[in-house]
Amino acid sequence: MIRSVILGSGAAKPRNVVTNEMLAEKVDTTDEWIQQRTGIQQRYIAEQDETTASLGEAAARVALDDAGVTVDDIDMIILATSTPNNTFPATAVDIQQRLGMKHGAAFDMQAVCSGFVYAVTTADVYIKAGQAKRILVIGAETFSRILDWEDRTTCVLFGDGAGAIVLEAQEGVGLSNDRGILTSHLRSDGSHKEKLYVDGGPSTTQTVGHLRMQGKEVFKHAVAMITDVIEDAFSATGLSADDIDWFIPHQANRRIIDASAKKLKIASEKVVLTVNQHGNTSAASIPLAIDVARKDGRLKEGDLVLLEAMGGGFTWGAVLVRW
Ligand code: UT7
C-alpha cells in the first residue's frame, strides 16, 4: 500500500525574541504568572517585513533542502494558517510564487491550532489516492497581528513562526512498522465556536478582528478531546503509549500537555516541549517542535511519533507517523 513518508523538515522563526519580562513592561502581567500558568518563557514576534508568507517560504526552503528535493519535485503545497497575508488569494499561492513553482496546486487550510494536523491528514489522503507524489505541508502563523495587546489574558500566550515537512508516496506493506503516516483522525464541534474565535472577518465586520478566548473553558475541554482522539489512533493501529518514541503535541500550554501525557501514560521523557521557547504558534507549533527534535538529534528514522492538536472551532486531531 502507499504510505506518505516524511522526507525532510524545516522551520523559520522571526528575528525578534520577546521575553516575559519584556512583555511585563507593557502589559499588566508577570514572568511568574505566565510561567506558572502556561510554561511560556519567551516567544518570537514578527517584525513588519516578516509575514506568514515570508516565514512559510523560509521554512519551506529548509524542508526542501533537508528532503533533498526541489520545487520541481513537488506536486502540491498545503499551508495551514489562520493568519494569511491577505483574505485572498490563499497565502499558499504566494509561497508557491516565492518558491518559483508554476506547476501543481497550492491552497490554504484553516483549522486554527489544529491546522497542521488537518493539513498533514489532507496531504496523506491526496498521496494515498495517487493524486500527488510529493506534497509540501507548511504551518505558518503571525498571530501577533490578531492579538489585542491590551488584553493580558490572551496577548501573553501566542507567538509567530513557521515549520514545514515534505511528504512522499512510498510503498509500504500495510503494517505498523512501515515508515510514513500510519493513521490520522480529525474531529470538530462548532458548538464551541464562541470559546475561541476572532471577532472580525470580511463577511461580518469587514475588519481583521482580534483573538478572543475563554481560556478556562478551552482548558476544561482540551485534555479530554486530545486523549479521546489519540485513543482512536491507538485503536486503529493496535499501537499503544508504550510504542511511542516521541509525543509532539500542539504547544499551547504546558499544563495541558503534561495532563494529556499523564492520562495516556506517555513517559515525560518522550514529550517534546517547546512552548517555553515559542509560546503558542497555532498551526506552526507542531512543525516548529519537530524541527527542534530533529536538530537536537532526538528524532531519528524509524521512530514512532504521535502528533496531536486542539484549537478554535473546536477542532482537534491526532496523527501517528513512523519517521
Ligand atoms: O491553542 C488553542 C488552545 N488554547 C489553549 O489551550 C488555552 C487554554 N487555556 C489556558 O491555557 C489557561 O486557561 C490560561 C493560561 C489562558 C489561563 O490560565 P487559568 O489558570 O485558566 O487562569 P484564569 O483565566 O482563571 O485567570 C486567573 C487569574 C485571573 O485573576 P482573578 O480573577 O483570579 O483575580 C486573571 O485575571 O489570573 C489573571 N490573569 C493574569 N494575571 C497576570 C489572566 N491573565 C493574566 C496575565 N498576567 N497575563
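Modeller: One definition before you start: a helix here is a DSSP run of H or I with at least four residues, a strand is a DSSP run of E with at least two, and both are numbered from the N terminus. And remember that this is a predicted model.

Colleague: Got it. How many residues surround the ligand?

Modeller: There are 23 of them, and the closest are Thr29, Arg37, Arg152, Asn253 and Asn280.

Colleague: Which helix gives the largest share of that shell?

Modeller: That's α7, with four residues. Helix α7 covers 215–237, and it is one of the helices that each supply at least two residues of the shell. The others are α2 (31–38), α6 (152–155) and α8 (254–264).

Colleague: And how do the shell residues divide into nonpolar, polar and charged?

Modeller: You get 11 nonpolar, seven polar and five charged.

Colleague: Why does the ligand lie between domain 1 and domain 2?

Modeller: Because domain 1 (2–171) and domain 2 (180–322) both give residues to the shell around the ligand.

Colleague: Which pocket does the ligand sit in?

Modeller: The ligand is in the second largest pocket.

Colleague: OK, down to atoms. What lies 2.6 Å from an oxygen atom of the ligand?

Modeller: An N or O atom in the side chain of asparagine 253. Histidine 250 also has a polar side-chain atom, 2.9 Å from an oxygen atom of the ligand. With glycine 215 it's the backbone: one of its N or O atoms lies 3.0 Å from a nitrogen atom of the ligand.

Colleague: How much of the ligand's accessible area does the protein cover?

Modeller: The protein covers 74% of the 960 Å² that the ligand has on its own.

Colleague: New topic: the backbone. Which residues does a cis peptide bond join?

Modeller: Phenylalanine 88 and proline 89 are joined by one, with omega about 5°. Proline 89 sits in the loop between β4 (76–80) and α4 (91–98). Another cis peptide bond links glycine 313 to phenylalanine 314, and its omega is about -5°.

Colleague: Where is phenylalanine 314 found?

Modeller: In the loop between β12 (304–311) and β13 (315–322).

Colleague: And phi? Which residue has a positive phi although it is not a glycine?

Modeller: Valine 112 does, at about 50°. Look for valine 112 in the loop between β5 (105–109) and α5 (115–128). Glutamine 206 has a positive phi as well, near 60°.

Colleague: Where does glutamine 206 lie?

Modeller: In a loop again, between β9 (196–198) and β10 (211–213).

Note on methods:
Residues are numbered from 1 along each chain as its sequence is written. This is a predicted model: local features need pLDDT of at least 70, side-chain atom pairs count only at pLDDT 80 or more; totals for chains, interfaces and linings use all residues. Side-chain values use heavy atoms; hydrogens and water are left out. A residue is near a molecule or strand if one of its heavy atoms lies within 4 Å of it. A polar contact is a pair of N or O atoms within 3.5 Å; within protein, one must be able to donate a hydrogen and the other to accept it, and residues adjacent in sequence count only if both atoms are side-chain atoms. Accessible areas come from the Shrake-Rupley method with a 1.4 Å probe; for residues, only the protein chains shown count as cover. On a 1 Å grid over the protein atoms alone, a cavity is a set of points where a 1.4 Å probe fits but cannot get out, and a pocket is an open set with protein on both sides within 12 Å along at least five of seven lines; lining residues have an atom within 4 Å of a point. A molecule sits in a cavity or pocket if more than half of its atoms lie within 2 Å of its grid points. Ala, Val, Leu, Ile, Met, Phe, Trp, Tyr, Cys and Pro count as nonpolar, Asp, Glu, Lys and Arg as charged, and the others, Gly among them, as polar. Domain bounds come from an automatic or database domain assignment.
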